[in-house]
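Work through the exercises below with the sequence and the structure side by side. Try each task before reading its solution.

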Amino acid sequence: MTFPWPVAWALRAFAGLVLVILYGPLAVAVVLSFFDQTGTSVDWSSFGLQWYAKLFANRGIGEALVNTFIVGAGTVVTSVVLGTVFALYFQYGGSPWRGLHRAIIVTPFLLPPIVTGLSLLIFFREVGVPRSLLTVVIGHTLLVLALVYRTILQRLQSLSPQLIEASYDLGATRAYTFRRVLLPHLASAAVAAGVLAFALSFDETLITLLVTGSDNTLPLRLWAMVRTGFTPDMNALITLILAATAALSVAVISLVRPQP
Amino acid sequence: MGAIDITAPAAANQRQAPLSMSRPLLVLEGIEKGFGGAQVLHGIDLTINDGEFLTVLGASGSGKTTVLRLIGGFTEPSAGRILFEGADIVSVPAYRRPVNTVFQDYALFPHLTVAGNVAYGLEARGTARDVLRPKVAEALERVALKGFDARYPSQLSGGQRQRVALARALVLEPRLILLDEPLGALDAALRRQMQVFLKQLQREIRTTFLLVTHDQEEAIVMSDRICVLDAGRIAQIGTPHELYYRPASEYIARFFGDNNLIEGRLGPSAAAVRFVETAAGRLMVSTKDQSDVAEAPTGTPVKIALRPEAIQVAPGSEFENHLSGTIRDVTFAGAISQIVIQPSGETARPLTIKLASRAAGLGLSRGQPISAGWRSADCRILLR
Ligand SMILES: Nc1ncnc2c1ncn2[C@@H]1O[C@H](COP(=O)(O)OP(=O)(O)O)[C@@H](O)[C@H]1O
Ligand SMILES: [Mg+2]
């Protein structure tokens, strides 16, 4: 179907306008991160990475970045391992409770993060778990496990039972089949799910805010900076987080795409 | 590249003498199989002899795949025994059975190369690299896939995938290879080529093949013996020749050779023949090897199976059966022409005749009167 040209052009104009209004502010932050500013007037001659330099001169950012990576790595490992084990449990465990189990795992992703975060906070206080990066990892895992689990389970369910039979037929034991057929089949899904988990963990703010101790992650640092007033190096931080998220998203999309 | 050189196994052509086929390799004994409430196989008794090419032929849903899965060890019979060289293997897991399967849709490992797929079974057995490599190369050469080692299954055509699946089984040198409709997904020309290839390969490597198909022509071309499965029951077992010339039932007669089926009732017997009263008159049918037919009571409703090519136009006196009628239809199909005649006699059903077109070209046309005849030995009485 093709539209008459006035409709087609109106459609294009509308799409462009919405793009500018909704996503323009993000671009503004990116552009401004490279220039000096006095009040609201931009000094266009000042192009450079000075704000990035200033950002990294600030010790808190480097530490926050390291924390973000620690939490991200912890979340990836925990969620991918648990996601794989739970997917195997669902598919091959033969348990009548597997449907309920899956529903419970998927729920936290649909809950408001503030509810998840507060519940965790209350629980940690009652039980007396000191808040730290570990509790942040637990919070993030709770959040991302739903997606990681679903991604891996979906891949597992796409495995033709004939491949497993073919493996047995060729003389492979169960353990050998698991290692040579099942795990390779899951591998790319696990990588994709891991990147997804990292991307989600990287910019998670609300749960982190509630369950962290004295440690800051990047989004928390940004939050803290906003509260003490705006400084231009925040544009640099926003740009960095945007860039990282965009790169991770591209990675997830290209990994999740079905193999040729 | 990758074309099948069907002249390659020259040695196989020279060895015309049949392999010793007397020794049973695998025996199915009273096999029953049901899924939930549905009974799929009923009392299957089947002996596969060492070195033979046996085909299980049946319509879709008749239980062919289930038979292979029972032998492969992917499912257990509800009752009965599976004997491999005399030993019951029902409780032996699939990975320790001396049989290998070429699956219906190949089931190649998508994450492994062609060589990786073929090497898989050897690796699972812990075969050393330097022993494994030449074996894989030899298996690939045997199926005309030399030089395809590094490709992935997704980069191969259907026919090539099928040959990888074959090489993957061959390389393990099993005593019995199970093939589940291996040619089903190929186009007609390639299928014919592969039929010849598989048959020659089987002779060359002297391995027992159990093939499953729904294609009767394929079964006839390839098999030493055919086992026809009808809704989970064995309808007949025999050489292609036996099934073609001596069908045991109406089902087999319909499956093989496009037989005409003439309804009638048994009449009197004479030496090695029996008369049958039909709408087209009294016909004489040989009862050779059919003691049950010779002994059946007069008046029993039966059908006569009559192969279209056994009917002669304008027959001489050596044909015991004669009838006259009119030509209803003439169809030219290359070397063969098919003629449908309407016998005189109110209720007689039309008969189909197949003639060499050379002979049919004698000015046969629709509406023309015709006389036809056949020998009593060329037709057969079917009690069921
Ligand atoms: N795992 C199964 N569960 C239930 N029914 C099955 C199963 N496998 C096969 N059947 C049934 O058994 C019958 C024979 O199937 P199959 O052996 O695959 O036939 P074929 O290979 O001759 O087409 C079919 O009616 C099919 O629906
Ligand atoms: Mg089948």
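**Exercise 1. State how much area is buried between chain A and chain B, and what share carbon and sulfur atoms give.**

Solution. Start with the term: buried area is the accessible area (1.4 Å probe) that two parts lose on being put together, summed over both. Between chain A and chain B it is about 1,800 Å². Carbon and sulfur atoms give 58% of that. Next, look at chain A: A:Asp169, A:Leu170 and A:Arg180 lose the most area to chain B, together 37% of what that side buries. Then take the contact, meaning heavy atoms within 4.5 Å. Chain A brings 17 residues and chain B brings 23.

A note on the basis of these values. This is a predicted model, in which local features need pLDDT of at least 70, side-chain atom pairs count only at pLDDT 80 or more, and totals for chains, interfaces and linings use all residues. Residues are numbered from 1 along each chain as its sequence is written, chains are lettered from A and ligands numbered from 1 in the order in which they are written, and side-chain values use heavy atoms, with hydrogens and water left out.

**Exercise 2. Find the polar links between chain A and chain B, and the elements of chain A that touch chain B.**

Solution. Step one: salt bridges (a side-chain nitrogen of Lys or Arg within 4 Å of a carboxyl oxygen of Asp or Glu). Two cross this interface. One of them joins B:Arg69 to A:Glu165, with the closest N and O atoms 2.8 Å apart. Step two: polar contacts. These are pairs of N or O atoms within 3.5 Å; within protein, one must be able to donate a hydrogen and the other to accept it, and residues adjacent in sequence count only if both atoms are side-chain atoms. Seven residue pairs (both at pLDDT 80 or more) qualify between chain A and chain B. Step three: the elements. On chain A, helix H7 (161-169) and helix H8 (174-203) each give two or more residues to the side that touches chain B. H7(A) supplies the largest share, seven residues. Helices here are DSSP runs (H or I, at least four residues), and strands are E runs of at least two, numbered from the N terminus.

**Exercise 3. Which residues of chain B surround ligand 1?**

Solution. Count residues with a heavy atom within 4 Å of the ligand. The surrounding residues include B:Phe35, B:Val40, B:Lys64, B:Thr65 and B:Thr66. Now check the polar atoms. A backbone N or O atom of B:Lys64 lies 2.9 Å from a ligand oxygen. For B:Thr65, a side-chain N or O atom is 2.6 Å from an oxygen of ligand 1. For B:Thr66, a polar side-chain atom is 2.5 Å from a ligand oxygen.

**Exercise 4. Locate the two residues of the salt bridge between B:Glu52 and B:Arg225.**

Solution. The N to O distance is 2.8 Å. B:Glu52 sits in the loop between strand S2 (38-49) and strand S3 (53-58) of chain B. B:Arg225 is in strand S9 (residues 225-230) of chain B, 173 residues apart from its partner.
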